[in-house]
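Visitor: I am new here and would like to learn how to read the side chains. Could you walk me through them?

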Amino acid sequence: MALLSFLGAIRQVTGSCYLIETHGGARVLLDCGMHQGRREEEQGNRAAFAFDPKTLDAVVVSHAHIDHSGLLPKLVAAGYRGPIHATTATAQLLELMLLDSASIQEKDAEWENRWRARLNKPPIKPLYTRVDSERMLQQRQPHAYGETFEVAPGISVTLFDAGHILGSAIVQVDVVDYGRPRRLVFSGDLGNHTSPLMHSPTPLHEADVVLMESTYGDRDHRDHEATVEELAEVLQQAHRDGGNVLMPSFAVGRTQDLIYYLGQLYQQGRVPQQAVFLDSPMAISANAIYGRFREQLELGGHADDRSLRLEKWLPILKTTPTPEESMTINRFKSGAIIIAGSGMCTGGRILHHFKHNLWREECHVIIPGFQARGTLGRAIIDGAKTVKLLHQRIAVNARIHTLGGFSAHAGQTQLIEWVGNFQPKPELYLVHGELEKMLILQRTLADRLGLQANIPEPGDRIAL
């Protein structure tokens with residue numbers, strides 16, 4: 001009988017990884033994500049895989065975010081030589097994300113080794129290198145939504161639109177072992193129905209086993225229109241206060257949504273700021289990829305095609321791809337909206353903008369997305385009075401705003417509606433969530449649907 005092992009994103013949000021094994025010897029990995037957040041969790045990225053990468057037949061990636069794909073170069077460096085299956089858009093975004101991630105790994109190791117040398121400690125190697133990422137990219141195999149393809153003997157996969165970011169997929173896995181068919185559905189990250197650019201997640205109806213994300217399993221998002229109004233009010237207040245507005249944002253998905261909303265408000269004459277700076281080389285490149293896949297976006301019901309022609313939709317948008325251009329933003333003491341990565345404030349250019357603005361009472365910080373435990377973004381929204389960044393301690397005097405209505409993840413009711421489409425009721429496992437949020441969703445699923453959800457522990461193994 002086929003087996004499923006829960007290897008990552010178990011009782012936590014990041015590090016997505018699941019292994020399917022059949023009695024006939026087929027082995028397929030679903031996602032190979034990086035752990036993000038607490039230092040001890042990130043250290044887990046350096047641990048050996050719980051399986052021999054050389055024995056895998058295939059890898060299937062739900063989408064390009066680093067917590068789902070970030071260890072693929074390490075997997076290849078450890079000997080994996082098989083195909084990496086993903087949607088066509090995800091295959092393109094992986095190149096953008098993982099070459100950037102490799103650069104970060106190399107720079108982080110270089111920085112760490114300077115300190116280690118002064119302490120007479122042995123140097124460390126980067127988690128992986130650009131060469132590893134480039135080799136990994138040669139193993140990509142792109143697929144269209146709805147296309148069924150065999151990934152190993154007795155195992156076929158079909159990808160459906162998850163509505164989370166461009167190319168994101170719900171992964172349906174059909175396994176035939178000992179002549180017995182079984183169907184596993186992995187939700188990946190399910191999108192928020194109110195996303196201005198993404199379609200709603202595809203409803204599926206038949207499965208024996210379902211793995212469902214639970215990032216926001218404890219609550220629904222704030223009303224979408226009210227969130228847009230709150231954004232407009234923050235912009236007006238920052239203008240009155242004479243400060244800047246900082247938006248830490250994920251380069252893929254969240255940034256494109258924010259540009260859409262800012263453009264919408266600009267068209268209504270409700271953006272008083274002088275300039276919107278997109279200070280993220282990755283986000284600038286991601287915008288171009290989104291433009292190439294315009295047919296996969298939900299433009300008809302929300303906007304005309306200007307929504308990705310940025311110079312028309314948001315004329316005050318200025319992109320700053322180079323470090324020198326980024327540094328010129330520091331001259332703006334007021335009247336600027338600055339969108340920069342990383343989304344959870346764990347690195348990237350947003351740290352430099354925090355250094356120049358976070359201590360200023362007239363400035364405002366808008367947190368538009370989920371912040372995992374242990375991240376700088378989580379510390380800020382939890383009310384930290386000071387934070388350490390770039391080897392300095394900085395006071396948090398700016399006004400902090402969390403706009404959960406812009407989340408790219410489904411809220412509790414949306415999760416329940418999606419899983420409620422399966423008839424008969426499947427065996428359900430909650431993944432991708434913090435335990436207390438999973439417990440709330442577990443109780444709510446039992447109350448509303450009479451559906452018993454299981455919460456696995458790391459390393460658990462079940463028969464499909």
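Guide: Let us begin with a charge and a ring: the charged end of Arg118 sits over the ring of Trp115, 5.1 Å from its centre. Sitting over a ring requires NZ of Lys or CZ of Arg within 6 Å of the ring centre and within 35 degrees of the ring normal. Likewise, Lys74 lies over the face of Phe49, 4.8 Å from the ring centre. This is a predicted model, where local features need pLDDT of at least 70 and side-chain atom pairs 80 or more, while totals for chains, interfaces and linings use all residues. Residues are numbered from 1 along each chain as its sequence is written, and side-chain values use heavy atoms, without hydrogens or water.

Visitor: How many aromatic pairs does a search of the whole structure find?

Guide: Rings of Phe, Tyr and Trp (its six-membered ring) pair if their centres lie within 6.5 Å; planes under 30 degrees apart are stacked, over 60 edge-to-face, and the rest tilted. The search finds nine such pairs. Tyr260 and Tyr261 are edge-to-face, because their planes meet at 70°, with centres 5.6 Å apart. Trp418 and Phe422 are also an edge-to-face pair, at 5.3 Å and 80°. Ring pairs also link Phe6, Tyr18, Phe186 and Tyr429 into a cluster.

Visitor: Are Trp418 and Phe422 buried or exposed?

Guide: Buried means under 20% relative accessible area, exposed over 50%, and partly exposed in between (1.4 Å probe, protein chains only). Both Trp418 and Phe422 are buried. Tyr260 is buried too, at 3%.
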